[in-house]
Amino acid sequence: WLTGSNYCDWGAEVSGGTGGISYKQLVCDEFGNVLNLNLQTNNMVGEIPPEIGVLVYMTSYISFFNAQTGEIPSSLGLITPLQTFDVESNNMEGELFKPEYAGPNGLTEIENWRVSL
């Protein structure tokens, strides 16, 4: 999922869209850090990999209307600036809030959290 490639090398913003609606799929800062990742309606199947925790500057992860399964990885707690986490209309399972999400500094910035379990 996260190979050695720096996807921010594609450009600071990668846009996409479905149904005539356009949105930014990937937004990076000037240092190549992923800030926003929007994978909505991409027919994604499988678990969110624990490697998501390396995206420590990410403020938004949106992946609704896919077929993601499994538990939300505890490494999510490493992404302390995360404000939006939206995996609604997937097939996630397990506990919604785990103590591990607190991470070393906790998810103190969460404003939007949508999950379908």
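In the protein chain, residues 24 or more positions apart account for 47% of the contacts with a separation of 6 or more, a contact being heavy atoms within 4.5 Å. The structure is a predicted model, in which local features need pLDDT of at least 70 and side-chain atom pairs count only at pLDDT 80 or more, while totals for chains, interfaces and linings use all residues. Residues are numbered from 1 along each chain as its sequence is written, and side-chain values use heavy atoms, with hydrogens and water left out.

The predictor's confidence in each residue is given as pLDDT, on a scale from 0 to 100. Its mean over the protein chain is 78, and 68% of the residues reach 70 or more. Confidence is highest in S4, at 92, and lowest in strand S1 (residues 13-18), at a mean of 55. Where pLDDT is low, the predicted coordinates should not be read in detail.

The secondary structure consists of nine strands and zero helices. Here the elements are DSSP runs numbered from the N terminus, with helices (H or I) of at least four residues and strands (E) of at least two. Read from the N terminus, the order is therefore simply β-β-β-β-β-β-β-β-β.

Next comes the question of what is hidden and what is on view. Of the 117 residues in the protein chain, 39% are buried; buried means under 20% relative accessible area, exposed means over 50%, and partly exposed lies in between (1.4 Å probe, protein chains only). The accessible surface of the chain is about 6500 Å², and carbon and sulfur atoms hold 51% of that surface. Such areas come from the Shrake-Rupley method with a 1.4 Å probe, and for residues only the protein chains shown count as cover.

In soluble globular proteins, nonpolar side chains tend to be buried together. A nonpolar core is a set of buried Ala, Val, Leu, Ile, Met, Phe, Trp, Tyr and Cys residues joined through side-chain atoms within 4.5 Å. The largest one here has 21 residues, of which Leu 37, Met 58, Tyr 61, Leu 76 and Phe 85 touch the most other members. Strand S2 (21-28), strand S3 (34-38) and strand S7 (84-87) are the elements that give two or more residues to this core. The C-alpha atoms of Met 58 and Cys 28 are 8.8 Å apart, although 30 residues separate the two along the chain. Cys 28 belongs to strand S2 and, at 7% relative accessibility, counts as buried.

Gly 32, between S2 and S3, is partly exposed at 22% relative accessibility. Its C-alpha lies 5.3 Å from that of Cys 8, 24 residues away in sequence. Val 56 sits in the loop between S4 and S5 and is partly exposed, at 35% relative accessibility.

Backbone angles complete the picture. Most residues other than glycine have a negative phi. Asn 43, in the loop between S3 and strand S4 (45-47), has a positive phi near 55°. At 70% relative accessibility, Asn 43 is exposed. Phe 65 also has a positive phi, of about 55°, and is found in the loop between strand S5 (60-62) and strand S6 (67-70).
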